[in-house]
Amino acid sequence: MNYRNLYDEIIAGLPDDVRIDDYAVGRPWTYMRAGGLGGICMTIPAYTRPRLRKESFLGCSLREAGEYVRSLQGQ
């Protein structure tokens with residue numbers, strides 16, 4: 001299975017006009033809230049790769065955030 005294609009399909013379905021309102025990165029969980037949506041995922045330790053984004057994700061669109069997640073698949 002090509003996981004990049006799966007990420008492409010998920011990202012294509014994300015609204016570009018919904019912005020991240022709040023998020024917290026912790027161990028072992030990270031959470032995010034955007035509009036009436038929310039999500040949680042397992043946190044990957046930061047020392048496993050360089051940071052992709054230096055600025056905050058607050059105000060970032062869900063689609064833009066999804067592109068950052070997808071970019072990890074190419075490494």
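Me: Which residues of α2 are buried?
Reply: Leu62, Ala65, Gly66 and Arg70. Keep in mind that this is a predicted model.

Me: Where do they sit around the axis of α2?
Reply: On the same side of α2, because they cover an arc of only 145 degrees around the axis. An α-helix has 3.6 residues a turn, so residues three or four places apart point the same way.

Me: And what covers the buried residues of α2?
Reply: The cover includes α1 (3-12), β2 (29-34) and β3.

Me: Back up a bit. What's the overall pattern along the sequence?
Reply: The protein chain runs α-β-β-β-α. That is two helices and three strands.

Me: Which residues make up the largest nonpolar core?
Reply: Five residues: Ile20, Ala34, Cys60, Leu62 and Ala65. Leu62 and Ala65 are also among the buried residues of α2.

Me: What is Cys60 in contact with, leaving aside neighbours within four places in sequence?
Reply: Val18, Arg19, Ile20, Arg53 and Ala65.

Me: New topic. Where is Thr43?
Reply: Thr43 is in the loop between β3 (37-42) and α2 (62-71).

Me: Does it count as buried or exposed, and why?
Reply: Buried. Thr43 has 16% relative accessibility, and buried means under 20%.

Me: What does Thr43 contact, leaving aside its neighbours within four places in sequence?
Reply: Val25, Gly26, Pro28, Trp29 and Thr30.

Me: Which backbone atom lies 3.3 Å from a polar atom of the Thr43 side chain?
Reply: The backbone oxygen of Trp29. Trp29 is also on the Thr43 contact list.

Me: How much of the protein chain is buried?
Reply: 16% of its 75 residues count as buried. The accessible surface comes to about 5500 Å². Carbon and sulfur atoms account for 58% of that surface.

Me: And what share of the contacts join residues at least 24 apart?
Reply: 46%, taken among contacts between residues at least 6 apart in sequence.

Me: Last one. What's the average pLDDT, and which element has the lowest mean?
Reply: The protein chain averages 85, and 87% of the residues score at least 70. Among the elements, α2 has the lowest mean pLDDT, at 85. β2 has the highest, at 95. Where pLDDT is low, the predicted coordinates should not be read in detail.

Methods: Residues are numbered from 1 along each chain as its sequence is written. This is a predicted model: local features need pLDDT of at least 70, side-chain atom pairs count only at pLDDT 80 or more; totals for chains, interfaces and linings use all residues. Side-chain values use heavy atoms; hydrogens and water are left out. Helices (H or I, at least four residues) and strands (E, at least two) are DSSP runs, numbered from the N terminus. Buried means under 20% relative accessible area, exposed over 50%, partly exposed in between (1.4 Å probe, protein chains only). A polar contact is a pair of N or O atoms within 3.5 Å; within protein, one must be able to donate a hydrogen and the other to accept it, and residues adjacent in sequence count only if both atoms are side-chain atoms. Contact means heavy atoms within 4.5 Å. The arc is that of the directions from the helix axis to the C-beta atoms. A nonpolar core is a set of buried Ala, Val, Leu, Ile, Met, Phe, Trp, Tyr and Cys residues joined through side-chain atoms within 4.5 Å. pLDDT is the predictor's confidence in each residue, from 0 to 100. Accessible areas come from the Shrake-Rupley method with a 1.4 Å probe; for residues, only the protein chains shown count as cover.
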